[in-house]
Amino acid sequence: METSSRWTSWWRRERRERPGPAGGDAAARLDLLLGAARAGFPVAPAAHPAGYRCSCDRVGCPAPAQHPLSFAWQSQATTDAEQLARWLSRDPEANFVTATGRAHDVLDVPAEAGVLALQRLEALGAVGPVAAVGADRYLFFTATRGTPQDEDEWWTSALDSTPDTVSEHPGLRWHCRGSYTLVPPAALPDGSEVRWLRGPELALPDPLRVLDVLTDACTEVGAVAQEQWLIG
């Protein structure tokens with residue numbers, strides 16, 4: 001809390017000469033991002049909405065406002081509060097992504113399955129941080145499978161998903177090593193947002209325990225074909 005207050009106060013002093021809603025919004029966003037950083041989630045700046053389009057220069061961007069600004073996002077991703085404040089100072093509207101497979105993984109499901117799974121995980125006492133991506137998707141943050149020194153110990157899964165292949169996984173997606181997701185707070189071109197439903201201060205649950213609940217929920221709502229979530 002001390003770190004959050006210190007950097008939020010710094011932000012307000014820096015923006016005092018530029019009054020208006022952007023300054024206050026950015027201060028609140030910085031506070032939320034610092035909460036993710038305290039949880040150990042490494043973050044990097046991402047594109048943001050520019051009207052109904054993406055702020056990047058790419059014509060026909062396939063993931064508007066949902067991708068990093070730099071190809072070096074993996075090396076940029078950090079939990080350093082000073083760096084987060086600098087990034088937001090340069091671009092107060094920026095979204096942020098969190099690099100998965102380091103401190104955490106993310107299991108990403110359609111919202112209908114997510115609502116059902118969240119209720120069940122809370123009943124089991126196994127819920128961790130959960131975010132909603134507009135009205136379409138739920139993001140369940142879990143402990144990571146890690147990065148084993150022996151590559152033979154790295155088991156593959158049909159659930160593994162990177163942003164370039166998300167269209168191939170309309171149901172359950174597993175973001176792990178080499179992938180990323182948006183981290184709250186983030187704005188989307190349709191006017192919706194990415195927001196916390198259960199905050200990053202919660203302990204990260206075991207991914208396989210969460211996976212069991214999510215696969216059952218996806219099956220019940222018909223969100224994914226069975227072969228798409230078999231581990232192999």
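## Strands that pair up

How many bridges pair strand 10 with strand 11, and in which sense do the two strands pair? In this predicted model, strand 10 (residues 186-187) and strand 11 are joined by two bridges, in the antiparallel sense. One spot to look at is Ala-186, which sits opposite Val-194 of strand 11.

Now follow the chain through the hairpin that these two strands make: there are five residues between strand 10 and strand 11. Gly-191 in that hairpin has a positive phi near 95°.

## Another partner for strand 11

Strand 11 (residues 193-198) also runs antiparallel to strand 6 (residues 130-133), with four bridges between them.

Next, the aromatic side chains. Searching the whole structure turns up five aromatic pairs. One of them is Trp-87 with Phe-96, a tilted pair with 6.2 Å from centre to centre and 45° between the planes. Trp-87 counts as buried because its relative accessibility, 11%, is under the 20% cut-off. Phe-96 is buried too, at 0% relative accessibility.

Then there's Tyr-138 with Phe-140. Their ring centres are 6.3 Å apart and their planes meet at 40°, so this pair is tilted. Are these two residues buried or exposed? Both Tyr-138 and Phe-140 are buried.

## A cluster of three

Finally, have a look at Phe-41, Phe-141 and Trp-196, which ring pairs link into a cluster.

Methods: Residues are numbered from 1 along each chain as its sequence is written. This is a predicted model: local features need pLDDT of at least 70, side-chain atom pairs count only at pLDDT 80 or more; totals for chains, interfaces and linings use all residues. Side-chain values use heavy atoms; hydrogens and water are left out. Rings of Phe, Tyr and Trp (its six-membered ring) pair if their centres lie within 6.5 Å; planes under 30 degrees apart count as stacked, over 60 as edge-to-face and the rest as tilted. Buried means under 20% relative accessible area, exposed over 50%, partly exposed in between (1.4 Å probe, protein chains only). Two strands pair if DSSP finds at least two bridges between them.
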